Amino acid sequence: MTTGAPPPTQPARPRRSRVLRFLPLGLAAWLVLEIWLLTVVAGATSGLTVFLLLVGGLVLGSFVIKRAGRRAFKNLSEAVQQQQQRGVAATPDSGGGSALTMLGGLFLILPGLISDAVGLLLLVPPLQKVLSRSAERAFERKVRAAAAAAPGGLGDAFQQARMQHPDGKVVQGEVIREDGPSGSSPGSGPEGPQLPR
């Protein structure tokens, strides 16, 4: 016996991006390469040298992260102080290297020689500027693409709001409010607030 209702369907799973699909494989390859490079360096020198390199990376990375965090907190407190005193928003710091400096310190803390090299490269100021500019451009492209995908923006999103009925039907609707005479406020007349039609 059929009731005329369509069979329930499973919601479609969102497709993962190519980067997320190959990320575990890339991390595994990076880990194997780090271990292999550490064994090559240990074979060429000694285990003590590798240990000192790893400890040095840990200490240097901790110092870099702590210093970048202090600088970011200082910049934030100065901006808040300027805003309170002058009443205007402070201009952002043109350096923009705090996040990349912290990322470089994190790479230095991670055990491995390749991660240490990447961390040291992220601490170079000209490279930080190039990376921050490219990251800003990529972010702006993503925001523009998201704005273009949503027709009309936020106003249309509210305009196209849907109402869910108890019987499961979805009805697209629009609320139309008819205001009374210009002298009276809505809902202050003898008939009370008007319901949408």
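## Helix H1 against helix H4

In this predicted model, H1 contributes Trp-30, Leu-33, Glu-34, Leu-37, Leu-38 and Val-41 to a contact with H4, where the partners are Leu-113, Ile-114 and Ser-115. By class, seven residues of this contact are nonpolar, one is polar and one is charged.

H1 spans residues 18–44, and its axis comes within 8 Å of the axis of H4 at a crossing of roughly 100 degrees. An angle from 65 to 115 degrees counts as roughly perpendicular, so H1 and H4 are roughly perpendicular to each other.

## Helix H1 against helix H2

H1 also packs on H2, at an angle of about 130 degrees and with the two axes 7 Å apart. H1 and H2 are therefore oblique to each other.

On the H1 side the contact involves Leu-38, Val-41 and Ala-42, and on the H2 side Gly-47, Val-50, Leu-53 and Leu-54. The contact of H1 with H2 has six nonpolar residues, one polar residue and no charged residues. Leu-38 and Val-41 of H1 meet residues of H4 and also residues of H2.

## Helix H3 against helix H4

Helix H3 (residues 98–109) packs against helix H4 (residues 113–122) with an axis separation of 7 Å and an angle of about 160 degrees. Because angles over 145 degrees count as roughly antiparallel, H3 is roughly antiparallel to H4. The crossing of these two helices, H3 and H4, is left-handed.

H3 supplies Leu-100, Leu-103, Gly-104, Phe-107 and Leu-108 to the contact, while H4 supplies Ser-115, Asp-116, Val-118, Gly-119, Leu-120 and Leu-122. Seven of the residues in the contact of H3 with H4 are nonpolar, three are polar and one is charged. Ser-115 of H4 takes part in this contact with H3 and in the contact with H1.

## The second largest pocket

The volume of the second largest pocket is about 150 Å³. Its lining consists of Phe-63, Val-64, Arg-67, Ala-68, Arg-71, Thr-101, Leu-123, Pro-125 and Gln-128. Helix H2 (47–86) and helix H5 (125–149) are the elements that give two or more residues to this lining.

Which element gives the most to the lining of the second largest pocket? H2 does, with five residues. Sorted by class, the lining of the second largest pocket holds five nonpolar, two polar and two charged residues.

Note on methods
Residues numbered from 1 in each chain as written. Predicted model: local features only at pLDDT ≥ 70, side-chain atom pairs only at ≥ 80, totals over all residues. Heavy atoms only, no water. 1 Å grid on protein atoms, 1.4 Å probe; cavity = no way out; pocket = protein on both sides within 12 Å on 5 of 7 lines; lining within 4 Å. Points joined across faces, edges and corners; volume = space filled by probe spheres on them. Helix = DSSP H or I, 4+ residues; strand = E, 2+ residues; numbered from the N terminus. Nonpolar A, V, L, I, M, F, W, Y, C, P; charged D, E, K, R; others polar. Axes fitted to C-alpha atoms, helices over the stretch in contact; angles between N-to-C directions. Parallel < 35°, antiparallel > 145°, perpendicular 65-115°, else oblique. Left-handed = near helix turned anticlockwise from the far one by under 90°. Contact = heavy atoms within 4.5 Å.
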